[in-house]
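Please work through the following exercises with the sequence and the coordinates at hand. Each task is followed by a solution in steps.

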Amino acid sequence: MPQPCSIKDCTRTPRWVCDCCQQNLCLQHLNEHNDLLISQLNPLTLEIKALEDCLQALNIQKTIDNSREKLEEWRDDCYKKIDCLFEQKCRELDQVINEKVDQQREELNRIHLKITELIDAQETSRQDIDLLTSTIRQLEININNIEQICFTIVTSPLVIDDTFIFIKETTEHELDLSTLSPVYETIHRPKGSSGPLTCNDRYLLIHQHPNLCLYDREMNIVKQTLWRYVNNTQNIINTDQHENTAHG
Ligand SMILES: [Zn+2]
Ligand SMILES: [Zn+2]
């Protein structure tokens, strides 16, 4: 006698092992189980719909804007550096030409004064006239030459590397220390060196007892000077550290 359907009180012949409960079921109970499974699809559809709405409503613009702002800051900063160098080189050009013009103007004034003096005194010599005439000829040549000056401008193309900007994903308010760039160089700091340091794009200023040192981007010391004003600060720092340790 074969086993009946696994459902309690059902005497019908089992037809198949049900996919959801792994029991031997009759055709009717198989259908019931199948309908039950299918009915679970509708709530899933609703969940999907809700998620679709949620995705639609995401405020991605805010996320993009915040990061874009950072990129724009970088761009503005680069533009400023280019503008600054451009202005500096323009001033250099102006200066070279203006110096030459000023030089000729001074020489003109000097000769003019000399002639005025001779006229006022109503006295001159052939030698004076010859000398003045040749000086004026030379000035004429010099002044005309100013317009003939040309500059050779040698420029290097600005090489911008993709690694200048690194985009890494983090969740909001997450302090991710791995976003810090890897250790570039370790500086040995002798005992007695104080904490304060400052830097700009090119240099790092740091106290290396007993000196104040200026490091370049390759971490070479480009300048150092004996620093005698640090002792008081150092004591304060040491005291603070000591107190922190004590409380900790
Ligand atoms: Zn089943
Ligand atoms: Zn059954």
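The exercises below concern metal sites, a helix, nonpolar cores and backbone geometry in a predicted model.

**Exercise 1. Determine which residues coordinate the zinc ion (ligand 2), and classify the geometry of the site.**

Step 1. The protein donors are Cys5 (SG), Cys10 (SG), Cys26 (SG) and His29 (ND1), which lie 2.0 to 2.4 Å from the zinc ion (ligand 2).

Step 2. Along the chain, these donors follow the spacing C-x4-C-x15-C-x2-H.

Step 3. Four donors count as tetrahedral if all angles lie between 85 and 135 degrees. The angles among the four donor atoms of the zinc ion (ligand 2) are 103 to 116°, and the site is tetrahedral. For reference, the ideal angle for four tetrahedral donors is 109.5 degrees.

Step 4. Cys10 is in contact with Pro4, Cys5, Cys26 and His29, leaving aside its neighbours within four places in sequence.

**Exercise 2. Carry out the analysis for the zinc ion (ligand 1), and state which parts of the chain Cys18 and His33 tie together.**

Step 1. Cys18 (SG), Cys20 (SG), Cys21 (SG) and His33 (ND1) coordinate the zinc ion (ligand 1) at 1.9 to 2.5 Å.

Step 2. The angles among these four donor atoms run from 87 to 124°, and the site is tetrahedral.

Step 3. The donor residues are spaced C-x1-C-C-x11-H in sequence. Cys18 lies in the loop between S1 and S2 while His33 lies in helix H1, so the pair ties together parts that are 15 residues apart in sequence.

Step 4. Residues under 20% relative accessible area are buried. Cys18 therefore counts as buried at 6% relative accessibility, and His33 counts as buried at 16%.

Step 5. Not counting residues up to four places away in sequence, His33 touches Ile7, Cys18, Cys20, Cys21, Gln23 and Leu25.

**Exercise 3. Identify the residues of the largest nonpolar core, and name members of another core.**

Step 1. The largest nonpolar core has six residues, namely Cys5, Cys10, Cys18, Leu25, Cys26 and Leu30.

Step 2. Another core, of five residues, lies apart from it, and its members include Ile187, Leu204, Ile206 and Cys213.

**Exercise 4. Locate a cis peptide bond and two positive phi values in residues other than glycine.**

Step 1. The peptide bond from His209 to Pro210 is cis, with omega near 5°. Pro210 lies in the loop between strand S4 (204-208) and strand S5 (211-215).

Step 2. Asp9 has a positive phi, near 70°. Asp9 is in the segment before S1 and counts as exposed at 70% relative accessibility.

Step 3. Gln122 also has a positive phi, near 55°. Gln122 is placed in the loop between helix H3 (60-121) and helix H4 (126-148), and with a relative accessible area of 67% Gln122 is exposed.

Conventions: Residues numbered from 1 in each chain as written. Chains lettered and ligands numbered in written order. Predicted model: local features only at pLDDT ≥ 70, side-chain atom pairs only at ≥ 80, totals over all residues. Heavy atoms only, no water. Donors = N, O, S within 2.8 Å, 3.2 Å for Na, K, Ca; no water. Tetrahedral: all angles 85-135°; square planar, octahedral: opposite > 155°, others 65-115°. Core = buried A, V, L, I, M, F, W, Y, C linked by side-chain atoms within 4.5 Å. Buried < 20%, exposed > 50% of the residue type's maximum accessible area, 1.4 Å probe, protein only. Contact = heavy atoms within 4.5 Å. Helix = DSSP H or I, 4+ residues; strand = E, 2+ residues; numbered from the N terminus.
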